[in-house]
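Please read them beside the coordinates.

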Amino acid sequence: MLLIHELERIMEQHTERLIRLAFYYVRDLQSAEDIVQDVFIKFYDKQQNYEERGELKAYLSKLVSNRSKDYLRSWTYRKIQVRQKIFPQQTVMRRDMLVQQDERTLIENAILALPFKQREVIIHFYFEEMPVVDIAELLTIPESTVKTRLRRGRELLKLQLQHVEWEVLLHE
């Protein structure tokens, strides 16, 4: 049984990264925070289902990814999208330093603008630093599909960022 202080340590260690991961999926800080909170509650309640087979970081990332995808399919998300389209000037997103830091860069804004499938693999590959094999396992898709989505995501990023000379993108 996981003790409260152990859970607090796990939360302290992983919360910021998981919020960032959820944010890249749902593009809303409050929803990302809710998703991460739900994941930690689920992790604590169902901890007997967690087997220490691999790394906790990967397990929590998978929970956040799955919960984020569920959120994107939910009625709540669709309702928020409709409200934002009807009342765009009334939509105010609360931003903290974590998100402001990330959104200041052009490349991260360009990643957020990518289609979901490309954005998802780019996030796991570059931000979670996961190898292609692990991403394929996490998303339950073939490795070749992960590689294709990475390649297509990079191509789309090049198009979006063609006016900026990025060393990394120019020397592939």
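This is a predicted model: local features need pLDDT of at least 70, side-chain atom pairs count only at pLDDT 80 or more; totals for chains, interfaces and linings use all residues.

1. From the N terminus on, the elements run α-α-α-α-α-α-α-α-α-α. That makes 10 helices and 0 strands.

2. Residues are numbered from 1 along each chain as its sequence is written, and side-chain values use heavy atoms, with hydrogens and water left out.

3. Of the 172 residues, 40% count as buried. Buried means under 20% relative accessible area, exposed over 50%, and partly exposed in between (1.4 Å probe, protein chains only). The chain exposes about 11,000 Å², with 53% of it from carbon and sulfur atoms. The areas are Shrake-Rupley values with a 1.4 Å probe.

4. Contact means heavy atoms within 4.5 Å. Among contacts between residues at least 6 apart in sequence, 66% join residues at least 24 apart.

5. Look next at α1 (residues 4–26) and α3 (residues 56–73): their axes come within 10 Å and cross at roughly 35 degrees. The axes are lines fitted to C-alpha atoms over the stretch in contact, and angles run from 0 to 180 degrees between N-to-C directions. The crossing is right-handed, that is, the near helix is turned clockwise from the far one by less than a right angle.

6. On the α1 side, the contact residues include Ile 10, Leu 18 and Tyr 25; the α3 side includes Leu 60, Val 64 and Leu 72. The contact of α1 with α3 has 11 nonpolar, 4 polar and 3 charged residues. Here Ala, Val, Leu, Ile, Met, Phe, Trp, Tyr, Cys and Pro count as nonpolar, Asp, Glu, Lys and Arg as charged, and the others, Gly among them, as polar.

7. There are 5 aromatic pairs. Rings of Phe, Tyr and Trp (its six-membered ring) pair if their centres lie within 6.5 Å; planes under 30 degrees apart are stacked, over 60 edge-to-face, the rest tilted. Tyr 25 and Phe 116 are tilted, at 5.6 Å and 50 degrees. Tyr 25 lies in α1 and Phe 116 in α7 (residues 116–127), so the pair ties together parts 91 residues apart in sequence. Tyr 25 is buried at 2%; Phe 116 is partly exposed at 30%.

8. Phe 125 and Tyr 126 have ring centres 4.9 Å apart and planes at 85 degrees, so this pair is edge-to-face. Phe 23, Tyr 24 and Phe 127 form one aromatic cluster.

Methods
Helices (H or I, at least four residues) and strands (E, at least two) are DSSP runs, numbered from the N terminus.
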